[in-house]
Amino acid sequence: MSGREELEQAFAYYRDGFEAEAIPHYERAIAAGLSGEDLEKALLGLGSSLRNVDRVAESVSVLEDACRRFPDHQALTVFLSFSLWSAGRGGEALALLARRLGEGSGYERAIREYAADIARSRG
């Protein structure tokens, strides 16, 4: 099966609520060398599925890597925040979202400072 076919199979399992079954397909799709938008979708789906089957630490790791690789992909940031929250790192989750939402607002410095305070004091 090609990487794209593996990704489509993963999407089908995920859509039907079978996240555990989707995970190996996401992993094989990524290993097959997906790139660009397909890789973004595969990493997001893998991270989300891992969170949904309570493999939260792995989810955080996958999504942190995805956010580094694709810093402009907003949904990756949101899904990383969900995983951080599930990992008991609510302060980091809120701070991450605040920084992301504050981009281009003209209040970036203040938001970064408040976000840093929240991350340090709340988890």
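Contact here means heavy atoms within 4.5 Å. I start with the whole chain, a predicted model in which local features need pLDDT of at least 70, side-chain atom pairs count only at pLDDT 80 or more, and totals for chains, interfaces and linings use all residues. Residues are numbered from 1 along each chain as its sequence is written, and side-chain values use heavy atoms, with hydrogens and water left out.

**Overall**

I looked up the contacts with a separation of 6 or more; residues 24 or more positions apart account for 45% of them in the protein chain. I took helices (H or I, at least four residues) and strands (E, at least two) as DSSP runs, numbered from the N terminus. The protein chain has seven helices and zero strands. Along the principal axes, its C-alpha atoms fill a box of roughly 50 × 25 × 20 Å. I count as buried anything under 20% relative accessible area, as exposed anything over 50%, and as partly exposed what lies in between (1.4 Å probe, protein chains only). Of the 123 residues, 37% are buried.

**H2 against H3**

I checked how helix H2 (residues 19-31) packs on helix H3 (residues 36-52). The angle is about 150° and the axes are 9 Å apart. Axes are lines fitted to C-alpha atoms, for helices over the stretch in contact, and angles run from 0 to 180 degrees between N-to-C directions. From H2, the contact includes Ile 23, Tyr 26 and Ile 30; from H3, it includes Leu 39, Leu 43 and Leu 46. I sorted the contact residues into nine nonpolar, three polar and three charged. Nonpolar covers Ala, Val, Leu, Ile, Met, Phe, Trp, Tyr, Cys and Pro; charged covers Asp, Glu, Lys and Arg; the others, Gly among them, are polar.

I found Asp 54 in the loop between H3 and H4. Asp 54 is not a glycine, yet its phi is positive, about 65°. Asp 54 is exposed, with a relative accessible area of 64%.

**H5**

Which residues of H5 are buried? I list Leu 76, Thr 77, Leu 80, Ser 81, Ser 83 and Leu 84. They cover an arc of only 165° around the axis, so they sit on the same side of H5. The arc is that of the directions from the helix axis to the C-beta atoms. An α-helix has 3.6 residues a turn, so residues three or four places apart point the same way. Gln 74 and Trp 85 are exposed, on the face turned away from the buried side of H5. The cover over the buried residues of H5 includes H3, helix H4 (56-69) and helix H6 (90-102). Gly 88 follows H5, with a positive phi near 80°.
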